[in-house]
Amino acid sequence: MKNMNRSHSIKPSAADDLLATRAEALADETLEADPAAYGLYDGDQLDREERAALRRVTGLSTELEDITEVEYRQLRLERVVLAKVWSEGTAADAENSLRELAALAETAGSDVLAGVIQRRQRPDPATYLGKGKAIELRDIVIDEGADTVIADDELAPSQRRALEDVVKVKVIDRTALILDIFAQHAKSREGKAQVELAQLQYLLPRLRGWGESMSRQAGGQAAGGQGMGSRGPGETKIELDRRRINTRMAKLRREIAEMKTHRDTKRSTRKKGGVPSVAIAGYTNAGKSSLLNRLTGAGVLVENQLFATLDTTVRRSETTDGREFTLTDTVGFVRSLPTHLVEAFRSTLEEVGDADLLLHVVDGSHPDPEGQITAVRGVLAEVDATDVKEVIVVNKADIADPDVLDRIRRHEKHSIAVSARTGAGIQELIDLIARELPKPDIEVDVLVPYHRGDLISRIHDEGEILESEHVADGTRMRARVTPAVEADLSDYVVA
């Protein structure tokens, strides 16, 4: 047990530095090159121009010294030090986790200065790190000139307060960091409502105030001018804030439920029309949006960032034999995705559960692709989407280690390696989708009059023609069709 309190700090001087200026968890910078150079057009990418239109200027922080107000200030991450308790797994797993935290911090707009990992059986219930290591962390914060510490776990409110008391700067946890990124990147009305709900759920048990302001009480006329019979202790400010948050959360849940109804209506319309659906899911920054753009030319934002796109995108496409289907790009997943976000985005993630085929995109160049697969499947299990037929799509095959690709293909029998950037393997993926999508299974023998060309067209678009012959009274066809088409052909069935 001698090594249980061993810690080590990682400074940005080494060549293989864990926390280089650009976190190594992100993919090669060449992903930001001109897509046309690879024969890929990602659309106009107006979102990228908008996101780059405002540049961050560092060194202008007016952050208050009084850290007790931390929960009531917007997260303004600038110069940060990362901290992690390594309690299970290998040293490589711990370092990969901290690399990912560095990438998340950079996505939120901060400069990562250093990171520390402490080996313990479990996090300290008081200060997360051991008390002695928390003091060492304070010294690192002072030496680096940092203004924020980010812990690679979800901290209890008491742990965060105690650690702040030691390091004397703002402390946030992994959950708060991910919520902040989601708040920055949500674009649609539904996405913004889902993120706000998750933030309020996270904030509610962590309310605390500064000095006496949360203990202010007012009664009688001061409370509302009600006069005699209304005087009393009144509400403390923290009780008032809790009530307002609960009211706002109830309103957001109603709005999300209404938007879910609209989404369900559109989805049922597609299903009624017999249009199969393919969902694209996977770890954040695995290349889901790039793959959607490669398959459909959707023009979805492609950026070398974690959680660059959050809003669900649905596009129509068709197989090589002419059958239409929809492709749905969903929100990316990450290890230890906050429960609040999973619950808030449940209506969006249900798109995966209702799909006919799931393309599970994995970053083949990541240090731990199997860990990505496990994390994504864990979230899918939470939203009851484990029964969907799954294809593992190993992306970034052009920069991945061939041995890693072979290892994944051996373990995942239903898998394919592609590169959304270069187009390698895309045609094989399209053929695979065509084979795996459900085909019409109701066989009909009909004689369709010539004036019902609309029905002939539907049979061609939504069915599979087995035999066709033109006769005097119309077109005699034997085909496999969907239940919706069969109903429309009922008047023309050959006895």
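Q: How are α3 and α4 oriented to each other?
A: In this predicted model, helix α3 (residues 131-144) and helix α4 (residues 157-167) pack at about 50°, with axes 8 Å apart. Axes are lines fitted to C-alpha atoms over the stretch in contact, with angles from 0 to 180 degrees between N-to-C directions; helices (H or I, at least four residues) and strands (E, at least two) are DSSP runs numbered from the N terminus. Under 35 degrees counts as roughly parallel, over 145 as roughly antiparallel, 65 to 115 as roughly perpendicular and the rest as oblique. The two helices are therefore oblique.

Q: Which residues of α4 make the contact with α3?
A: Contact means heavy atoms within 4.5 Å. From α3 come Ala 134, Ile 135, Leu 137 and Arg 138. Those of α4 are Leu 163, Val 166 and Val 167.

Q: Which strands stand at the edges of the sheet?
A: The open sheet has 3 strands in the order β12-β14-β13, with antiparallel pairing; strands pair if DSSP finds at least two bridges between them. Each edge strand has a single partner, so one side of it lacks a neighbour in the sheet. The edge strands are β12 (442-448) and β13 (464-471).

Q: What angle does the direction of α15 make with that of β14?
A: Helix α15 (residues 453-462) packs on the sheet and touches β12, β13 and β14. Its direction and that of β14 make about 30°.

Q: How many bridges join β13 to β14?
A: Residues are numbered from 1 along each chain as its sequence is written. Ile 465 stands opposite Ala 479 in β14. β13 and β14 (residues 474-481) run antiparallel, and the bridges joining them number 7.

Technical notes: This is a predicted model: local features need pLDDT of at least 70, side-chain atom pairs count only at pLDDT 80 or more; totals for chains, interfaces and linings use all residues. Side-chain values use heavy atoms; hydrogens and water are left out.
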